[in-house]
Amino acid sequence: MSENIATPGFFLSFEGSEGCGKSTQIGLLAERLEKAGQRVVVLREPGSTSAGEAIRHLLQHAKEGRSLTPEAELLLFAASRAQLVREKIRPLLEAGGFVILDRFLDSTTVYQGLARGLPEAAVAAVNAFAIGGTLPRLTVLLDVDTETAWARIHATGRELDRMESQPREFYEKVRQGYLGLAGAHPERIAVVNAALAPEAVHEEIFKLVEERRHAL
Ligand code: TMP
């Protein structure tokens, strides 16, 4: 992976399998940082640019996306990311903003690489090309056991998207993939137990963020 480019802002990403509580935790953290006077921007992947949202629709909901090969899927996630990095993330970080990403390159490593089985080297090369050196200072991995995640998703009662409808074994592969990745990059990825109550999870995340900001 290429060298991280230093900027005045702070770049944080959240990762985890479906049902890990990412949206809740991102909301709680953004609110707390904003109250403390920080300029916070929350972005999601795929998406958060016009082109990225069109790619998201194709990947998740459009009937044209149903026959996508794993290779095409990888390149579409990367295309959305390449656009987002240059159109939004870099300018925001250069202006001193606090940028929170709901998923970033680790999702591709885990979902397309480890869970879908694309060659690791190809996924790493595509990821590196898409981000061009813009890496998060901190990545929070919300870890929850597959049973709990599965139950949370099915409790919503809404229609599941293409990824959420994967079999339970896929979820387990995703979880193990993330834990392996965190073990390989302890300097960037922090694992947080997301099975705890939301307030407790939030406190732990806030502490991690403060530590990393002061370590700059
Ligand atoms: P979410 O925004 O609701 O978490 O959904 C995004 C879905 O896309 C989720 O199932 C994970 C998947 N995904 C990948 O497979 N690869 C990627 O690179 C990204 C960003 C997401």
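**Helices and strands, step by step**

Reader: Is the crossing of α4 and α5 left-handed or right-handed?

Author: Bear in mind that this is a predicted model. In it, helix α4 and helix α5 cross in a way that is right-handed.

Reader: Which residues of α5 make the contact with α4?

Author: On the α4 side, the contact is made by L105, T108, T109 and G113. Sorted by class, the contact of α4 with α5 has three nonpolar, four polar and no charged residues. The α5 residues that take part are V123, N127 and I131.

Reader: Is α4 roughly parallel or roughly antiparallel to α5?

Author: The axes of α4 (residues 105–115) and α5 (residues 120–131) come within 10 Å and cross at roughly 155°. Angles over 145 degrees count as roughly antiparallel. Therefore α4 is, relative to α5, roughly antiparallel.

Reader: Now for the sheet: which strands stand at its edges?

Author: Five strands form an open sheet with parallel pairing, in the order β2-β3-β1-β4-β5. An edge strand here has a single partner, so one side of it is left without a neighbour in the sheet; the two are β2 (40–44) and β5 (189–193).

Reader: Which residue of β4 is the bridge partner of L12?

Author: Strand β1 (residues 10–15) pairs with β4 (residues 138–143) in the parallel sense, over four bridges. In β4, the partner of L12 is L138.

Reader: What angle does the direction of α1 make with that of β3?

Author: Helix α1 (residues 22–35) packs on the sheet, where it touches β1, β2, β3 (98–102) and β4. With the direction of β3, that of α1 makes an angle of about 170°.

Technical notes:
Residues numbered from 1 in each chain as written. Predicted model: local features only at pLDDT ≥ 70, side-chain atom pairs only at ≥ 80, totals over all residues. Heavy atoms only, no water. Pairing = 2+ DSSP bridges. Contact = heavy atoms within 4.5 Å. Axes fitted to C-alpha atoms, helices over the stretch in contact; angles between N-to-C directions. Parallel < 35°, antiparallel > 145°, perpendicular 65-115°, else oblique. Left-handed = near helix turned anticlockwise from the far one by under 90°. Nonpolar A, V, L, I, M, F, W, Y, C, P; charged D, E, K, R; others polar.
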